[in-house]
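Thanks, everyone. Let me put the model up, and then we'll walk through it.

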Amino acid sequence: MLALTKNKLEALKRLSDEHGVIGALAIDQRGSLKKMIATGNAGHVGDEGIIRFKRLVSEELTPFATAILLDPEYGIPAAKVRDKNAGLLVAYEKTGYDASDVGRLPDLLPEWSVKRLKEAGADAIKFLLYYDVDEADKINNSKHVYMERVGSECAAEDLPFFLEIITYDAKNDDVKSKEFAKVKPNKVIGAMKEFSKPQYQVDVLKVEVPVNMNFVEGYAEEEAVHSKEEAAFLFNEQSKATELPFIFLSAGVSAKLFQETLKFAKESGSTFNGVLCGRATWKEGVPPFAIGGEQAGRIWLQDTGKKNIEELNVVLKETAESWFGKISAST
């Protein structure tokens with residue numbers, strides 16, 4: 001069982017509902033969001049467009065979320081207009097990675113520190129790490145050291161550390177392929193085992209589901225890689241891989257598939273403690289905003305966006321477990 005300081009425990013409660021389930025909204029995308037807006041807009045899309053869309057999402061959807069995840073580069077205005085009952089997670093990593101270099105190495109935002117993010121109102125710090133458990137030791141060891149530093153910084157400021165792990169295969173860039181679907185369980189579960197070790201001082205893991213549901217029998221768009229029984233076993237193995245609270249990311253899948261995945265996870269015995277759901281909730285609202293402007297985006301969020309998050313909340317109540325049973329207060 002993870003022992004947390006009083007301040008960390010209170011912060012985690014601010015990010016959760018009264019039952020200890022996290023139903024958070026993620027919109028810390030930066031470069032990818034700029035591209036999404038630009039696709040639907042013939043004109044130039046500058047920083048102001050990203051800032052405005054994040055504000056809209058925060059205004060319209062945080063009344064239905066336990067928290068919102070934002071970046072300090074474009075998201076501070078959105079943080080200021082979030083619902084009074086919604087907690088605030090703030091991203092600490094630079095967006096993306098240098099594709100010209102090997103290893104997808106992490107990097108911090110140079111203008112920020114955990115101390116400054118705390119002063120900006122953060123209840124918790126999120127760091128995204130690209131990780132391949134099978135990559136060369138030299139690369140992975142450098143990532144291990146990096147995460148130890150981030151964990152130590154969060155501990156020094158007494159803020160919860162949410163580690164988001166995105167897995168990949170250094171030998172195969174196509175994470176949507178059948179080949180990657182075969183190795184994904186090992187990548188996800190192996191990474192969770194590694195970063196559950198105490199030296200990283202991680203408080204909550206934000207992770208992918210252990211299988212690509214598009215290759216699971218009954219959900220497969222193409223030839224299945226896993227039977228339902230195999231997939232259920234892997235969800236169970238994922239829960240056994242850590243004693244830390246863990247939440248699922250939506251990974252850009254449709255709202256419907258994400259909800260069905262959570263139901264499957266519950267049926268499989270997964271002990272996940274909530275979600276940090278991003279594009280599955282709001283991505284279809286980008287074209288109305290980009291083409292029709294702020295009012296069109298707001299109308300979409302008030303209708304479909306609200307519906308997406310309310311439907312997800314219903315599923316969460318049926319499927320997610322409380323983190324209360326995984327955490328104790330440190331003395």
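Start with Cys154. Is Cys154 buried or exposed? Buried: its relative accessible area is 0% in this predicted model, and the cut-off for buried is under 20%. Cys277 is at 2% relative accessibility, so Cys277 counts as buried too. How many disulfides do we get? The count is 0. The rule asks for two cysteine sulfur atoms within 2.5 Å.

Helix 6 covers residues 137-157. Helix 6 lies across strand 5, residues 124-131, and strand 6, residues 161-167. Against strand 5, helix 6 runs at about 180°.

Now the sheet. How many strands close into the barrel? There are 8, and the order is 2-3-4-5-6-7-8-9. The pairing is parallel. On average, neighbouring strands are turned by 25° against each other, ignoring direction. As a reminder, strands of a sheet pair through backbone hydrogen bonds, either parallel or antiparallel.

Take one pair as an example. Strand 3 is residues 67-70, and strand 4 is residues 87-91. These two pair in the parallel sense over 4 bridges. Look at Leu70: its bridge partner in strand 4 is Val90.

Which elements give two or more residues to the lining? Strand 2, residues 22-26, and helix 12, residues 294-319. Helix 12 provides the largest share, with 3 residues.

Terms used:
Residues are numbered from 1 along each chain as its sequence is written. This is a predicted model: local features need pLDDT of at least 70, side-chain atom pairs count only at pLDDT 80 or more; totals for chains, interfaces and linings use all residues. Side-chain values use heavy atoms; hydrogens and water are left out. Two strands pair if DSSP finds at least two bridges between them. Axes are lines fitted to C-alpha atoms, for helices over the stretch in contact, and angles run from 0 to 180 degrees between N-to-C directions. Contact means heavy atoms within 4.5 Å. Buried means under 20% relative accessible area, exposed over 50%, partly exposed in between (1.4 Å probe, protein chains only).
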